[in-house]
Each structure stands twice: as structure tokens, then as C-alpha cells.
Amino acid sequence: MKTYESTRGSYSCSCAEALVSGIAPDGGLFLPAEPEDGSFDVRACLEKDWNGAAAMILEHFFPDLEGMEELVRSSYEGRFDPADPVPLVKAGDRYLLELFHGPTYAFKDVALSVLPRLLTTAKRELGDDSLTLILTATSGDTGKAALSGFMDVPGTAIIVFYPADGVSEVQKLQMTTQKGDNVRVVGVKGNFDDCQTGVKEAFAALNASGELKKEGIGLSSANSINIGRLVPQITYYFTAYAALMRNGALNWPEKADFAVPTGNFGDILAGYLAKRMGLPVGKLICSSNRNDVLTEFFRTGTYDRRRELRLTSSPSMDILVSSNLERLLYLATGRDGGAVRDMMRRLSEDGIYTVSGELLERLKEDFSAYSCGEEQTMETIRRFHERTGYVADPHTAVGLYCADMYEKEEGSGRPVVVLSTASPFKFASSVLAAVRGEKAAGGPGDIKELEKVSGLEAPEGIRELEKAEIRFRTVCGPDGIRNEVTEFAKRERRCP
Ligand SMILES: *Cc1c(COP(=O)(O)O)cnc(C)c1O
């Protein structure tokens with residue numbers, strides 16, 4: 001049995017329980033207890049196709065769960081193009097790993113296609129026949145991908161909270177028109193941090209009171225605090241490296257750098273886990289928008305969330321408290337749960353903590369960090385399109401800009417892969433305005449215009465939004481989240 005432990009050092013459990021509960025009772029996040037010992041066969045994984053690599057990685061992390069190959073196959077079937085689910089494309093001299101060819105057009109689909117099946121398999125393993133209520137805060141993309149993944153999955157129900165004025169028009173419509181009998185979507189008056197904090201508090205309060213448990217309802221999360229969200233994302237670092245080998249950009253064991261548009265630090269942490277498993281990764285370039293808390297952290301060692309959250313054209317990265325940094329701190333301190341607990345306490349009480357100089361040096365061996373302001377994001381989209389014909393979404397543009405800065409300042413000479421995290425059509429108005437250098441009209445017309453400008457066809461699910469019925473109009477304050485959850489839970493219990 002594989003054991004998982006909490007990053008705050010006072011809890012451990014089976015991998016099935018870690019998957020089902022999402023977050024540890026001491027408030028920490030789960031990671032496997034055994035350190036990476038070099039037993040993962042990296043070369044064998046690089047020879048596999050997408051499904052094969054994914055199954056191998058998932059088996060490595062969740063050996064207690066049976067039938068992983070079938071689980072992976074059925075998760076991705078009909079949702080991604082099996083021939084090339086995450087294509088590595090070259091535009092100019094840049095490599096872009098396109099992670100947005102799933103059902104909701106952002107990288108979250110890679111993991112959220114698998115998570116529902118991981119969860120139901122883990123529940124079966126535990127003999128748990130409760131209703132699992134998925135509680136999710138979203139800055140825009142997680143919500144839709146989670147709704148799509150969990151829609152009508154037996155034994156589950158999902159409620160999503162999004163910042164009412166902090167997501168793009170397409171993102172909002174994608175969520176409020178979601179189909180399915182076990183889903184609910186609520187807007188929150190506030191920003192993403194208000195949503196995330198409100199959801200975490202509701203989670204803790206409802207678990208402590210036991211009122212849902214009594215009714216046979218367990219809570220879980222589809223946010224990247226759930227280890228089942230992180231592990232499937234490791235796969236694309238492997239497949240990207242394999243693609244670089246195939247097209248002669250590098251030879252084993254030369255290293256590749258990855259620029260990762262970052263918000264909650266989940267995607268980039270998956271890259272760090274890939275590196276710890278033995279994949280030849282050079283630097284992970286932590287790319288932030290003007291919410292540059294992480295850039296400052298990797299430069300100075302001080303994490304300071306005491307500032308206003310700024311809304312940007314890359315809303316999925318508008319975050320001040322990046323949850324998964326906790327996992328990095330745990331691993332980089334040699335699994336010092338006490339130290340992590342102290343840092344997280346200082347973060348929640350004072351809004352700030354500082355790591356030792358020695359720890360900072362260690363982090364800098366694996367990470368570089370840059371940030372990209374709003375004007376620079378727009379400028380990058382425009383210039384990159386002009387130069388290469390490639391239309392990047394604003395999140396990807398942040399990665400492109402930070403990759404350029406990295407090469408200018410630290411130039412490693414290694415191939416740099418920029419993770420392309422969303423379809424530009426999800427942010428049609430911003431992208432159109434950037435490419436044209438003038439304000440866009442807003443509304444569905446922008447999608448058609450962007451089709452003309454880019455020569456690409458908008459994904460079907462986005463073209464059809466215009467006609468879809470809006471099912472969810474509720475908006476609440478951050479302190480209304482708990483009530484929304486209990487009301488929804490009661491209804492789902494009555495008519496499962
Ligand atoms: C979620 C998201 C990110 C940030 O990923 P994290 O794992 O939260 O760091 C970047 N770009 C897009 C398009 C996203 O949806």
C-alpha cells in the first residue's frame with residue numbers, strides 16, 4: 001500500500017483516502033510519503049504513447065488502484081484526439097505545448113478528465129458508498145473543466161463558485177450553461193481569493209460540524225490541492241520531452257526548460273515532480289501576470305500576499321495565495337512538516353513569511369521567475385502573431401514573454417517549451433484587441449472576427465455558447481458560500 005502524508009506533518013493515510021478527501025485534516029496537502037528513489041523508468045515512459053505514459057505515471061503514484069490502463073483509456077476517449085492529444089508545435093524558434101484541445105479548451109481538461117474516475121475507483125477501494133460532493137473555487141477554467149468531468153458521474157455532485165466579475169465572458173457562459181443533473185454554479189461577489197478562502201472555510205466548517213457526513217455525504221475538491229489533479233499533468237512534461245527528442249531538438253539526457261503560466265502553482269509543480277522522477281528538466285520558469293507575488297518570492301525569499309489582487313486579461317492567474325507552493329516547500333525542506341506549518345500559519349495570520357537563504361538558493365536551482373504586465377501581454381500577443389502567425393491566448397502570452405526574459409537574462413541555450421494553456425477563443429475579445437491594436441466590440445461577434453484574423457476555426461463548444469440556455473444565475477457574497485453548499489447537498493441527497 002502506498003502511503004500519503006500531509007505537508008503539515010501530522011497526518012498520513014492510504015493513496016485512496018488522499019484522493020477522496022482532497023485535503024488533510026491538519027489543513028495540509030497530500031504527497032506520497034516515499035521520496036523518489038530513481039525507480040521510475042523514465043526511458044520506458046518516453047517511449048510510450050499518451051495513454052501509456054499517463055497510465056505508467058498514475059500507477060507509480062496510485063499503485064493501490066487497479067485497472068489504470070483501462071481507467072486512462074476511458075477517461076480520454078472521445079475527449080481528446082487520441083493521435084496527438086497535446087501537440088508540441090513550433091512557431092518561429094519557440095516550442096509551444098498546446099494543452100487546450102480537450103472538451104473545455106484549457107489545460108485543466110487533461111487532469112479533470114481523469115479525476116472523476118480516480119475518485120470513483122478510490123471510493124470503491126475504500127468501500128465508500130457516500131455521495132461525494134465536489135466543492136470547487138475557480139478563477140475561470142477549473143470550474144468548467146470540473147463540471148464537464150463530473151457531469152452525471154454516479155455517486156458525485158459538483159458545485160462551482162466563480163468570481164462574478166473576474167472571469168471572461170466566454171468562461172462565464174461556459175459555466176452558467178452547463179448541462180447535467182448533479183451540477184450547480186454560483187457567482188461570488190468578490191475576487192478569486194475570496195472564492196477560494198470562502199470554499200476552504202466552508203469545507204473546514206462542514207467537516208468539523210459533521211452535518212453532511214451524518215447524511216452520507218463526503219466533501220472533496222477538484223482544485224489542484226487534490227493530488228489527483230496534479231499527477232495526470234505530469235504526463236505532458238514527459239510527452240513534450242519525447243517530442244523534442246523525436247524532432248532532434250535534443251538528445252537524451254540533455255535538458256529542456258519549461259515556461260509555465262502560473263496561478264495556483266499546480267501546473268508548474270507537476271513539472272517539478274516530473275524532474276524529481278528523473279526527467280531531464282532544466283529550469284522551470286514561473287511566469288506570472290502583474291499579480292507578481294511568486295516572482296518576488298523566487299527573487300527575495302519573501303512571500304507577501306498583503307496587496308490588492310489585480311484583475312487582468314489572464315484571469316486564471318489572478319491569484320495571490322498559490323496553494324501548491326506549500327507542496328514545493330515541503331519537498332524542498334526535505335519534508336519538514338513543522339517548518340511548513342509555521343510558514344502557512346504566518347501566511348494566514350500576518351500575510352507574509354520568509355524562507356531561509358539556504359532554502360531560497362535550493363529553490364533557485366530549479367526555478368526562475370518573471371512577470372508580465374498587461375501592456376506587455378497585449379504587445380506579446382500582437383508581436384508574436386506578426387512574427388510567426390501564431391495566435392496565443394493571454395495566459396500563453398505571459399509564458400512567451402517570460403521565456404524571452406529568461407533567455408535574455410539567463411540564456412541557457414537549452415530548448416524552452418512554453419506551455420500553451422488555453423485556446424485564444426476563450427479570451428476572444430482580449431486577443432482580438434491585442435492583435436488589432438484597438439479595443440474590440442465585446443460579445444459573440446469578437447469570436448467570428450478572431451476566426452477571420454487567425455484563420456482558425458473557433459472550437460464548436462464556444463461557437464454554440466451564443467445559443468445555449470443559461471441555467472444558473474445565483475450570485476452570493478463570500479459568507480454565503482457555506483449556505484449554498486448545504487442547500488445543494490440536501491437537494492442532491494434527496495434526489496441522487
Ligand atoms: C489554471 C490556469 C493557469 C494556471 O495554472 P496553475 O496550475 O493554477 O498554476 C494558467 N493558464 C490557464 C489558461 C489556466 O486555466
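**Exercises on a predicted model**

The protein has an accessible surface of about 19000 Å², and 45% of that belongs to carbon and sulfur atoms. Keep in mind that this is a predicted model. Now let's work through some exercises.

**Exercise 1.** Find out how many disulfides the protein has, starting with C286.

*Solution.* Start with the cut-off: two cysteine sulfur atoms must lie within 2.5 Å to count as a disulfide. Next, look at C286: its closest cysteine sulfur belongs to C402 and sits 8.2 Å away, so that's too far for a bond. Then try C372: the nearest cysteine sulfur is again in C402, 5.7 Å away, and C372 is in no disulfide. Go by this rule and the count ends up at zero disulfides.

**Exercise 2.** Decide whether C286 and C372 are buried or exposed.

*Solution.* The cut-off for buried is under 20% relative accessible area. C286 comes out at 0%, so it counts as buried. C372 has a relative accessible area of 0% too, so it is buried. Zooming out, buried residues make up 61% of the protein's 496 residues.

**Exercise 3.** Check whether the radius of gyration of the protein agrees with that of a compact globule.

*Solution.* For a picture of the dimensions, the C-alpha atoms fill a box of roughly 60 × 55 × 45 Å along the principal axes. Inside the fold you'll find 21 helices and 16 strands. Finally, take the contacts between residues at least 6 apart in sequence: 75% of them join residues at least 24 apart.

Methods. Residues are numbered from 1 along each chain as its sequence is written. This is a predicted model: local features need pLDDT of at least 70, side-chain atom pairs count only at pLDDT 80 or more; totals for chains, interfaces and linings use all residues. Side-chain values use heavy atoms; hydrogens and water are left out. Buried means under 20% relative accessible area, exposed over 50%, partly exposed in between (1.4 Å probe, protein chains only). Helices (H or I, at least four residues) and strands (E, at least two) are DSSP runs, numbered from the N terminus. The radius of gyration is taken over C-alpha atoms; the globule rule is 2.2 Å times the number of residues to the power 0.38. Contact means heavy atoms within 4.5 Å. Accessible areas come from the Shrake-Rupley method with a 1.4 Å probe; for residues, only the protein chains shown count as cover.
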